[in-house]
Amino acid sequence: MVRIRKALDGLPSYRPGRPAAPRAGAEQAYKVSSNENPYPPLPGVLEAVMATAESMNRYPDMFATGLVAALADRFGVPPEHVATGTGSVGVLQQIVQATATEGDEVVYAWRSFEAYPIVVGISGATAVEVPLAAGARHDLTAMADAITDRTRAVFVCTPNNPTGPVVGRDDLAAFLRRVPEDVLVVVDEAYREFVRDPEAADGVEFYREHPNVCVLRTFSKAYGLAGLRVGFAIAHEEVADALRKTAVPFGVSGIAQRAAVESLAREAELLERVDALVAERTRVRDALVAQGWEIPHTEANFVWLELGEKTLDFARFCEDAGLVVRPFAGDGCRVTIAEPEANDKLIRLAGDWAG
């Protein structure tokens, strides 16, 4: 029998959101189980992708030079401080490979992004999960208390996936004052474009002041490029260089690179769509609160319904009616803000369940 690393024993596999199955003779079914942008790419982006596809017989630029330059210009950072990968989760795995191994620890809040225990477990390091505080928020005080001399990295997911709240600027500043300088703090901001809270922390601001801060961003959410898998990190040169060393060679396709560059060039238009989703987020949350639901204040493109042991029952109830949500057994359901028709269905079903 082939010998597989013991570190993988009992490690969960990543579970993607289930698609909505066709429903013969029934009303439209909607998939709101993955945090996708419901709008297609802007026409200019699509045309650029189609043109680039003509050269798919060639390897892409391994270092994503054009994309790195565009990102450096967009954020006002040196190109040497930008590293790319296959979505922010791909970059996250590069980070763990660069910082942690057997005997080390990685601290993060829980419940948070479900890939965290997977990428930490693959490395052989130990995951230290710190329970969320009231309001489904990060407990940064407890997270700082959990840091030991074995800690190599800390993940701070803001807005937190799957619950939605952000980490405040003052709270993150206080937290960083307690973190040793040799521990990497990864500010995971996959949903940053949806944030409207003026008191929310901006990871890029903290990166400028702290050499041990690394910021994760992605083109999968607000930019609507989930199917192309392109994410990036902004970090000081030593860290960014380590991420390039641990990256899969040619991982980010030429099509993905071109789509991301074109999306940055059309950012103002793309963010108009984000504004529409934020307005829908407010409408949905207000409606659910009016029905009696306790919904955490979300700054992402989803809402969190805390259901405890009834989580799977609610997910089946929604699926039977043509709405596929994302259940986390024993905790709750995350529901993506999608097209208005899907959001209307959520409001109706949630009201029926609560009533």
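Predicted model: local features only at pLDDT ≥ 70, side-chain atom pairs only at ≥ 80, totals over all residues.

Residues are numbered from 1 along each chain as its sequence is written, and side-chain values use heavy atoms, with hydrogens and water left out.

**Stop one: the two domains.** Select 21-41 plus 267-352 for domain 1, then 45-265 for domain 2; these bounds come from an automatic or database domain assignment. Their centres, taken over C-alpha atoms, sit 25 Å apart. Where they are in contact (heavy atoms within 4.5 Å), domain 1 brings 23 residues and domain 2 brings 29.

**Stop two: the buried area.** Together the domains bury about 2,300 Å², 56% of it on carbon and sulfur atoms; that is the accessible area (1.4 Å probe) lost on being put together, summed over both parts. Now pick P41, E267 and E299: this trio supplies 28% of what domain 1 buries against domain 2, more than any other three residues.

**Stop three: the salt bridges.** Four salt bridges link the domains, each a side-chain nitrogen of Lys or Arg within 4 Å of a carboxyl oxygen of Asp or Glu. Show R196 and D275: they form a salt bridge with the closest N and O atoms 2.7 Å apart.

Technical notes. Buried area = accessible area lost by both parts, 1.4 Å probe.
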